[in-house]
Every structure is written in structure tokens, then in C-alpha cells.
Amino acid sequence: AARRGCALWRRAGRPALGPFPRGRSAVACNVGGGAVPAGKSGLAPWIPVVGLEIHAQISSNTKLFSGSQVQFAAPPNSLVSFFDASLPGTLPVLNRRCVEAAVMTGLALNCSINKKSLFDRKHYFYADLPAGYQITQQRVPIAVNGSLSYSLCIDNKMSQMVTKTVRIKQIQLEQDSGKSLHDDTRSQTLVDLNRAGVGLMEVVMEPDMCCGEEAAAAVRELQLILQTLGSSQAVMAEGQLRVDANVSVHHPGEPYGVRTEVKNINSIRFLAKAIDYEIQRQIEELENGGTILNETRAFDSKLGCTVPMRDKEGKQDYRFMPEPNLPPLILYDAKSLPANMNHQQVINIDWIHERLPDLPSVKREKLVEQYGILPEHSFTLLNEDGLAEFFESVVKQTQMKPKKVIGWILNDLLSYLKQHSLTVKESPVSSFLLAGLLNLLEKKEISSTAAKQVLAELWKGEGKTPLEIVKEQKLELLQDQKELEQICQAVIDGQENEVIMMLLE
Amino acid sequence: AALTDGLRSQVSAALKEGRVSPTELCQRCLDLIKSTKFLNAYITVAEETALKQAEESEERYRRGQPLGILDGIPVAVKDNFNTAGIETTCASNMLKGYISPYNATVVQKLLDQGAVLLGKTNLDEFAMGSGSTDGVFGPVRNPWSYSKQYKEKSVPKSHSGEEESNWVITGGSSGGSAAAVSSFTCFAALGSDTGGSTRNPAAHCGVVGLKPTYGLISRHGLIPLVNSMDVPGILTRCVDDAAVLLGSSLAGHDPKDSTTIQDDFKPFELPDLIDVSKLSIGIPKEYHAPGLSSEILALWSKAADLFKDAGAKVVEVSLPHTCYSIVCYHVLCTAEVASNMARFDGLEYGHRSDMKDSTESMYAATRREGFNDVVRGRILSGNYFLLKQNYEKYFVKAQKVRRLIANDFVKVFRSGVDILLTPTTLSDAAPYTEFIQEDNRTRSAQDDILTQAANMAGLPAINVPTALSERGLPVGLQFIGRSFQEKQLLTVAKWFEKQVQFPVIQLEEVERHNSGVFQHQKSASFS
């Protein structure tokens, strides 16, 4: 097996195809990529191969080649320029912001940026593709040969994490299509062109993964990177990040199997499910003497399985052709930048490189190093939008050690937010309030049990400070010997009978 | 001012001095359009908006604040340029009744300069043709068919002897624009030039036809034929007028067309005293094409002699890849056509078939009903060339040869040649009845042979009307210049124009409308 660190799969026990039972994905990968366990059935083991094609919608005010606004859920056909509707005689004008976003993303994914890239037309007839072709970068894309490192945990234990790498084949700029809404009862199709022409980055990952979990971890890392860069909002539910998975299985030492493409996956959780289902389906199909068709399948999230997609036009010849209305896209670096060039007219790769923000992997390292927290905690901090910032802000405002603060953040804050489906920004307890509470605890003014009580009160969001709550509910720890003695004496004095009974026993 | 006058020296001055008013000028043009309706030069005449524009212009003159030399000048635009509020049809069923919501950049620039837009001129469907005979609104008739000059010389061929069967074509595909300028119904017109579509009809109609350097004029709003070769063309009565249009409004960067030059274009005026003695004129031997009429050949060498006599160096040069040009042109042209026409699916605009069985059958029926055979044929062959298995064999190869053709020109110009002198067409205009004997593809291959290499190389080229043939029809010669050296090209063209004293068309209709003033020699407009 030439695959890097990929596990070998065996056919799972259940013979019939169908939705995955819960926990089935425990068959998942041998993330260590180690030795091949012997199969009970004695059949040769299977190696699954997973590659991804990811379309990330570029976060930009306007579309890739027109001045129309980009906005999610705007009224249908309200964001359509003459070019977007492909009115005759209109021409594409490349959006600088989209190019910069692609360069940033390419750099963040360790790609080489092509100083000269080209645009092509990809032809097919479809109602939501008004021009009859999509402008894309088939021959020379803007970025090539990169890599993405991602981590995943073994056996669902956060304490054991493995880092893997997937190669990035290329990143290309291209136009999004519109949306078709099929009304079967009235047998009509409604077309919304708001999305037509929005800029996309297609990130093509090599088939270096071997299970749903790996793919999910890789996509999650990519999502974090895009969000950190601001090059895409990458919200899967809003279609800003669309993942298609190419899946095949083969025996060790044999060439790759026929692959299927799984589409229609709209969350990272479903991505893992869809891929694992598809791997299992292919293994079962092959072991039952069947064959795998090179087809496109859709993931049905309700049924938890993949189903063949109605093939629209059979095998397509896209009749690629250079886009004659766009000159080659030329990018510069510090060396090649012509002196007399207007800065508004050129894009300098080095300039963008210098201004890249810290990527998630760097941020995690910094968190671990600076605060002495566990690496797996750094993952959790970054996985929630704003959580790392919240943590750092609390740390700044409190004397409590970061190692202790992290427990409150991850166990108390995070689980509360999850329970109530809130984002960090929506938290009723600000970092200031939490820090105040932790300070009371740190100064031993309250016990940790009392602290939890105060926190429970703080969630109500009634605008009280931790100190006020402590005072109100008299939760202070008493450290004055005399006062304690007096309290004890008062208790004893007040319960004379009980005291006598105890003494008599 | 006469309808036959040139712009800078005559008409503009007359407008400024109040000798003629923009409304008067516009009305005279509109009347002439009506009386020459049989030419079929216009698809749409925008009488109402034209008169309104003329009134606005008149108001500006009244206030003493005209917008420039084009203010109040009636112009016509080929019907493949988008005009807001005025139908844009491309002479196709596909776009019949289509009203664009925007103006092509060149149209907008003309309007911004105060020009009066009379209407949209006829063409071959989607500019695919070389006769202006293949549009859905019927063929354009060459005004020279009805000239005194032609009538006197043409001997009725057949027993019928009817004038009706004798009329000659305009050439194409900008035949409507050429006929409109030639019959004096407008002072200038826009055409488009992909393989010769401006120069070819200019030659047949005896007007100046300029194809500027690719990228000098915005294509935004020009409904494309071949994006990598299309250029808006300028048709005028004289070379000076072409310079006026180019300089005062059309040329320069357009943010809406990424293939236009970045630098600003500096308008120029052509000098009156021109010295050609220091020039080197190249005569490309490959342009002795098969089928070149002896008449034109003779005229060509006479023209070379004119330059020689004026002290210019005249050298024979070679453009060795010329013979492959037309074949490559067809591969590249049809491939882009196939792509560009994909948008006409009946969904967003244009014709939509009633066929409702499925989306696909609606597409098929829409395109079958909307496009003529020529367009459909080009789409078919273009898609064939773009198929995965053919792309390298045809498209890529044609692109490589295109590079060689462009390099031929580069080498010749690098060797010290300033301007190339060639014929524009193989012969004078053919009678319609004769022309339609051959199919569109064959005709285009023959007719574009002398013109399309300039499009392949992106170079500026101009047709200058030179003389009348034995049949009394115009014959023109072509000058090809260096990239973006329009000033030099037009200067040489102007000198040549002055030498040859091409005669003014003698049209009854024009004489009627222009009574009294028509006696002017045309050369007056050059002075």
C-alpha cells in the first residue's frame, strides 16, 4: 500500500446495505497507520481512499466578475447585474478582493502561487448557468502544490492526538452558479441568480485520506484557516463551504478502485458519515461480487446513506476554451514588482504574505506555550469561534493560573453554551464577570462549590456582579477565627437539646 | 453645409456658425433614410429619440456650449451594439424585439459627445457573413447599384435587363453601416470588424473603413462574434472623419473591458501637409491571392507607384504564413462562436420556443428557431473543434499558427517597413443574384482572405476608397499599420486619399435632398 498512513478496512459484520447504525464508524481508521490486522474472514483487507473537492465561497462584498453585491438570503434575483444574467455584450471584470483572498488561502495552505494564471470557460447547459459556461481556471490555476496539516484524536480520547497531512493539488478561482428550484407539482423550474457569479475558491485535495473522520478533521482545519484569514466565512449550512468526496476502495498492492463522487453534504458530521457509509457500501458491493460505477451519489442525511444522483446529461464533454475576455492574471512579488506600477493595479504576493494572521496551528502552539495548557485544550479553544479570545481575556483579568482557568472555560462555560445552543459572543457571562468570580475563588473568598452557585446565578444575566451575588446569598468563606467561634457558639446555644442528646450518646 | 460634407472642416463649422441647426441636419438625414429605404440599410430608425437628441444639441449650441466636434452630428450604429431603449437584434430571430437595458461603451461615448443616434444598421445575422445578405431582415443593397456611375456603365447581363436584378451587394457584415454612410444618410457609422467586416463593405461601398488595433476601443456592449478578434469599426466619408471619431470619443481604456489598453489615448488631428518620402511601404507578395481581379491588381501597383513617385521606399515583403490564416481563422472563430452563442437559451432574454416537453427540448427548439443555418453551422463546427479529443488537434494548433501569423507582421515591421499596402477585396461588389450562388462559408473564406490576417494579429487596418471599377463600382485598398500606430496609419491613408480623388457617388435621392449644394467637389471636405 503506497498510501500514507491509511488504515485497512474490513467488511463490517452486517451484510445488508442500509443506514449506518450508531457507533458503526468505530470501524473507522487506524489513525496510527500501523500494521494491518489479520481479517477474521481471511479475505484480503480493503484500503479506502478519500479525496476531497471543496468549494469555498469567497468572502467579498461583490461578485467575482461583476459589481453585484454578495449577500446570503437576499430576495430572489435582487443581486443580479447585466453580466450575471449574461446579457449579450457584457464582459467580465476580475474582482481584486477575490484574487487576494485566493492568494492568502494559497499561502496559508503552503501552495506555490502561480505568478501567471489563466481563466477558462467550461461549457454545459443548465438553467442556473445563464452564459452556458462557467469561468474557471482549468489549465493554470492561481495556486498549486500545497499541503494541509490536521489533527484528530484516537479512540475518541482527546488525550491522544495524531497529526496528519493532506496534499493540496490546487486552488482555482471560479464562478458560482445560480440556484434552480424545481416545482414538481406545477412542473416548473424557478431560477434565482443571486448566487450566479459569486467568487469561489475550489480547493482540490489529493486522495490522501482514508476515512470519514480524517476527511472531517481536514475540512474542519481548512474551515478554521479560511475563517482566520477571512477569505471565506466557510459556513457549511449557508453553502459557503461545499464538500464533495471522491471515494474508492482497493486491496493492498492493487491499483485504486473505481471511485464515486459523493455530493450534497452540508455539515462536517455528515461528511464523516457519508464517507464511511460509502466506503462500507463499496466494500460490501465488491465482496458480493458487484462492481462500483464511476458515478455521482448524493448523501441523504435523513436516511444516513448515499444514493445515486439522477445523471443529468450523462458523460459531459465540457469543451474547455480559454476565456478570451480576461487577460492572464499576473501577480507580482517584491522581486518582480515593476517600479513604475500603480499599486492599485498590482497584487504583491510578498505583501500579502507578510500580513497573514496567525494560523490556527500557530495560535494553538502559542496558547500551549504561553499558558501551559494541554494541546488538546488548545484545539477546543480554537474550535469555538471567540473562545480562545474569551479565555485569554479572562486570564488577563484574573490572578488564577491559566491551567485552572481553562477548566472553568471548557467544563463550565462551554458546556453551558452548548446546552443552550449559544455562541461565545452570546454568552450571558462576560469574560469580565467570569474573571471576577474566579478572582473571588482564587482569593479564597468563596469555595469552589459556592463559585458554581454564583455562576449559576450569573447565567440568569440579571446584571449582578459576582460579589453582589456572594453578598446577597452570604456565600463568603469565613476566615476570622473569632467570628467562626462565635457562629459555632451560637449554633450550639441555639440547639441546646440536640447538644445534650449528642453528649449523652 | 451639404449632406456630403466632412465633419471637422465643414459640418462642425456650419453648426457652430449656425448655418445649419442640429435638428435641421437630423431631419434631413431622416428624410433621406426614408427615401433610400429600398437599400435596407437600417433595421431600426430611432426617429423620435434622434430628434430629441438633436433638440438637446441645438440647445447646447444656442447656449454656446457644444460638447465638441461631434455635437449634433447624426450617426448610425450597427445593430450588434447594445443601445438602451432602442432594439438590438443582430439581424436574428433570436433577438428580434430585444431591448437592451444598457448602452455599449462606444455608443455611450458617442452620445456623451452629443452625437445624434439615427438608428441601427443592418448586418449578417450575428455579424456572420461577408455580404450583409444573411440577416433575418433581408439583404442590404449597395447604394452604388443606383448611382449614375454604375447605371451608365453596367450592361444589362440577362434578357431581363431590369435594374432590379442588377443591384450589387454591400459586402459585410457591416453592410448596413457602409450603405448608410455611402448614401449620406448619416455622417459616420459604427461597424464591427472580426475578419474584415468593416473594411470589406467599406471597400464595396466606397467609404473609409477603419479597424483599429485590438484593445484600443472598448468592446463592452458589442455582441461578440470572436472576442479575441472583434473590434468596433469606424465608417466615415473621409479619413479625417475617422480620426475625429477615434480621437474625440471612442479610443481609450474602459474599466468594463479588461482587454482595452491601460494607458490614456491622446486624440490627434491629422496634418494637412504630409510628407511620405521618408516612409517605407511594404507590399506583401502573399496578397496576390488567387481570384484577385486584374483591375484591382493594376490599381494596387498604381498605388505603389504613387508612393514611389512621392519619394517613399516601396519594398516587396513576405508574410509567409498568410495562406494558413483563413483556415485557422475559421477554427478559432467557430470555437468562440460556439461558446458565445451558448447564452442564447431562451431563458433570460430573446426568443423562447413554445416547446414545453422539457428544458432540453425547449433549448433545442429555441436555438433551432432563433438561429439561421450559418450560425447553427458555426456552432456545430466550433463545438466539434472544442471536443476533448479535438482541442489539441484544431484549436491549439490554430492558436499556434495565429502566433506565427502575428510574428510575420512583427518581423516585417521590425525590418523597417512602416505601413503595408494591400487590396481590401478580390474584386468589386458582386450582384446579389450572383453572390448567393455560393454558400456563406465559401464566400466568407474568399472574401475575408485579404482582411482577416490583421484581425489575427490585432493590427490596425483601414480601407481607403481608391477608384471606380470598369463597372462603375468602388474599389478600395487597404493599409495595415503597426499596433497602436493609428496616427501614422491614418496620416498615410489621408495622403493617399488626397492623391486618388475618389469620386462622389451620384445618387438621385441625395441630389434631390441636397439640391443646390451638391455641386461641391468631395475633395472640398478634405481641405
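**Exercise 1.** In this predicted model, find out how many bridges join strand β4 of chain A to β15(A), and which way the two strands run.

*Solution.* Start with β4, which covers residues 120-123 of chain A. Look across to β15(A): 2 bridges link the pair, and the strands run antiparallel. For one facing pair, pick D120(A), which sits opposite P322(A) in β15(A).

**Exercise 2.** Now hop over to chain B and decide whether strand β10 is mostly covered or mostly open.

*Solution.* Take residues 461-468 of chain B, which make up β10. Buried here means under 20% relative accessible area. By that cut-off, 7 of the 8 residues in β10 are buried, leaving the strand mostly covered.

**Exercise 3.** Trace the strands that bridge to β10(B).

*Solution.* Begin with β5 of chain B (residues 208-211): 3 bridges tie this strand to β10(B), running antiparallel. Here L210(B) faces I462(B). Then move to β11 of chain B (residues 474-480), which is antiparallel to β10(B) and joined to it by 7 bridges. In this pairing, N463(B) has Q478(B) as its bridge partner. Finally, follow the turn: β10(B) and β11(B) make a hairpin with 5 residues between them, and G472(B) in that turn has a positive phi of about 80 degrees.

Note on methods
Residues are numbered from 1 along each chain as its sequence is written. Chains are lettered from A and ligands numbered from 1 in the order in which they are written. This is a predicted model: local features need pLDDT of at least 70, side-chain atom pairs count only at pLDDT 80 or more; totals for chains, interfaces and linings use all residues. Side-chain values use heavy atoms; hydrogens and water are left out. Two strands pair if DSSP finds at least two bridges between them. Helices (H or I, at least four residues) and strands (E, at least two) are DSSP runs, numbered from the N terminus. Buried means under 20% relative accessible area, exposed over 50%, partly exposed in between (1.4 Å probe, protein chains only).
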